[in-house]
Amino acid sequence: MGDVVQMHFSTVDYVIFVVLLVASAGIGLYYAFSGGRQRTTQEFLLADRSMRCLPVSLSLLATFQSAVAILGAPSEIYTHGTQYWFLGCSYFLGLLIPAHIFIPVFYRLRLSSAYQYLELRFSKSVRICGTMTFIFQMVIYMGVVLYAPALALNAVTGFDLWGAVLAIGLVCTLYTALGGLKAVIWTDVFQTIVMFAGQLAVIIVGTHQAGGIAEVWRKAQNGSRISGLDLNPDPLERHTFWTLGVGGIFLMLALYGVNQAQVQRYLCSRTEKEAIMSCYAVFPCQQIVLTLGCLMGLVMYARYGEESPLDQGYVKSNDQIITPFYYGKITLHLSLRLQMVLYFVMDVLRDLPGLPGLFVACLFSGALSTISSAFNSLATVTMEDLIKPHVRPMTEARATLLSKMLALAYGLVCLAMAYIASLMGSVLQAALSIFGMVGGPLLGLFCLGMFFPWANSTGALVGLASGLVMAFWIGIGSFVSRMSASVPPVINATVIPDVGNMTTAVMTTLITSKPRPSGVQALYSLSYMWYSAHNSATVVVVGLLVSFLTGPWKEKDLNPGTIYPVLGNLLFFLPERYREKLCCVTPLEDNSKGLDRQPYQMARKETNGVAYTKEEDKLREEEGEKNTTQPTCNLAHTLQETAL
């Protein structure tokens, strides 16, 4: 067992890190003082709906490619092997479905916030509940995304913890509050390039030091890290082809289909076609990101074998964060796993001044891209869903200023959440888990609205509540179950100490837990990759049951464009009179022929902010201060708003 080793940065490394911050801030300042100078909410929150396919696609990629994810994939591959690689199979449908279902619905409704759809489809109450759920999800997540990598970097290199947190948090807040969505997207493009460069540097240098890619592959094979196709259908198995390839689809839909941070990027595209193409372009990029993470994990295994830096004592244990927990791309003692990968990077690049700084820039590019997207999307939903519908009309300048102040406020909230995470280590696991828990119920809520015309607002509210309860029940139950199982087991009267080696932990679990879990324990043992599917299905099933019990709605009473005719497409072989009874007749293309940017404008103001024209004010008075529809629409929405 070796002594704890701490790497150190050179002056060149610090310079590269500073260049990242200066360049990101510079992009924000450029868009703050060029073009329209962010004088309208349309420009600040939606980039004037003028973005091209390439920057939007790279921004989509970077939004949830956080520093934790960059370090998590190599840790997963090093510990458990390449089975995780099959997650790439889920990317095809996970991006194809948003491209051809969610994007057309959102884009043609000309929304600013995804949650405006919920009011058009259900009621104002559902919209507010969806918005508050999203805000809760993102506020907790963004602090951890900022703090966790800074903590790991501090432990490995001595890099000043709060210096890094404050620098990243304040710079990100600056360019998001000043430059708006354009600045966020173009900094994402720059940061994506830095992320690719940092990972490639580690892989190329590490492969060369290991003796070439063939030697890396040979060592990985000898160490049983090259996994075959596991077709075990058991949903309790952590990673199989089905959990990754099928369960992963629902995880992707929760991120790329209905999450406001991604929907906002679709809506800022010049045309619906460009929005769809940007979603297509994410597919190869995601495959590249997954491949880089996997290769990095294999190179790490080729360097250390079974004797990880953690086992050798080169990485110190941080007793703030010691609880094993499952989330997304990481099996974790969170801090230890991140520290281990960072130690590997610093070990590989230690004799090459500048490259450690490049990887740290890569790491914090992931943090910057994620939290800047969070700030902007949170400012958007707060403005569009919580302020505009409930305050008197205000001027465009005032609305834009308020949007900027909201982005600034969320930046300060992010720093506060990072501070809370520093006081309570368990907050890190809980926050990462909560982010995963909430995504599934929100996906279920949108699917309930888009695919099932009979669903009413009561069913939507009860379904969302049921999905959230189920999500937290499984998540917290799994957490408590794993905590109780983390006590070192006894095998043949020999105690195996819990030293953080997750391979040992998994093997001992397999040896001592042969009986298959049953009842509630089986639910707690469900693979985390099925969480989104399970929780979204709960929302849909409960929502439909409650809707039928309280009086289902008819398709003709709904606002046009809020239903995607998936049932009509699937049941095309039935006579029209039967499909009409099943509420699956109206195609999405109604009212949109020949129109690319303005197929649907119901219940939406086409002003950039919240200032209304005289005609709009008159209409608002006629409809009782509710959002109005176009003449081609009936008053169903007004009735639906008051259904509760």
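Asp48 sits in the loop that joins helix 2 and helix 3. The exercises below use a predicted model.

**Exercise 1. Backbone of the loop**

Solution. 
- Start with the backbone. Asp48 has a positive phi of about 60 degrees, yet it is not a glycine.
- Recall the background. Most residues other than glycine have a negative phi.
- Now take the surface. Asp48 has a relative accessible area of 36%. Buried needs under 20% and exposed needs over 50%, so a value in between is partly exposed. Asp48 is therefore partly exposed.

**Exercise 2. A second residue in that loop**

Task: Where does Ala47 lie, and is Ala47 buried or exposed?

Solution. 
- Locate Ala47. It falls in the loop between helix 2 (41-46) and helix 3 (53-63).
- Ala47 has a positive value of about 55 degrees and is not a glycine.
- Check accessibility. Ala47 is at 0%, so it counts as buried.

**Exercise 3. Cysteines**

Solution. 
- Give the count. There are zero disulfides.
- Find the partner. The closest cysteine sulfur to that of Cys285 belongs to Cys53.
- Compare with the cut-off. A disulfide needs two cysteine sulfur atoms within 2.5 Å. The sulfur of Cys285 is 9.5 Å from that of Cys53, so the pair is too far apart for a bond.
- Cys285 is buried at 15% relative accessible area. Cys268 is also buried, at 0%.

**Exercise 4. Aromatic pairs**

Task: How many aromatic pairs are there, and what is the geometry of Tyr115 with Phe134?

Solution. 
- Count the pairs. The total is 19.
- Classify Tyr115 and Phe134. Their centres are 5.6 Å apart, with 40 degrees between the planes, and the pair is tilted.
- Tyr115 is in the loop between helix 5 (90-108) and helix 6 (116-121), while Phe134 is in helix 7 (residues 124-157). They are 19 residues apart and link distant parts of the chain.
- Check burial. Tyr115 is buried at 1% relative accessibility, and Phe134 is buried at 0%.
- Turn to Tyr117 and Phe446. Their ring centres are 6.0 Å apart and their planes meet at 25 degrees, so this pair is stacked.
- Tyr117 is in helix 6 and Phe446 in helix 17 (residues 426-451), 329 residues apart. Both are buried.
- Phe102, Phe106, Tyr115, Tyr117, Phe134, Phe446 and Phe451 form one aromatic cluster.

Methods
Residues are numbered from 1 along each chain as its sequence is written. This is a predicted model: local features need pLDDT of at least 70, side-chain atom pairs count only at pLDDT 80 or more; totals for chains, interfaces and linings use all residues. Side-chain values use heavy atoms; hydrogens and water are left out. Buried means under 20% relative accessible area, exposed over 50%, partly exposed in between (1.4 Å probe, protein chains only). Helices (H or I, at least four residues) and strands (E, at least two) are DSSP runs, numbered from the N terminus. Rings of Phe, Tyr and Trp (its six-membered ring) pair if their centres lie within 6.5 Å; planes under 30 degrees apart count as stacked, over 60 as edge-to-face and the rest as tilted.
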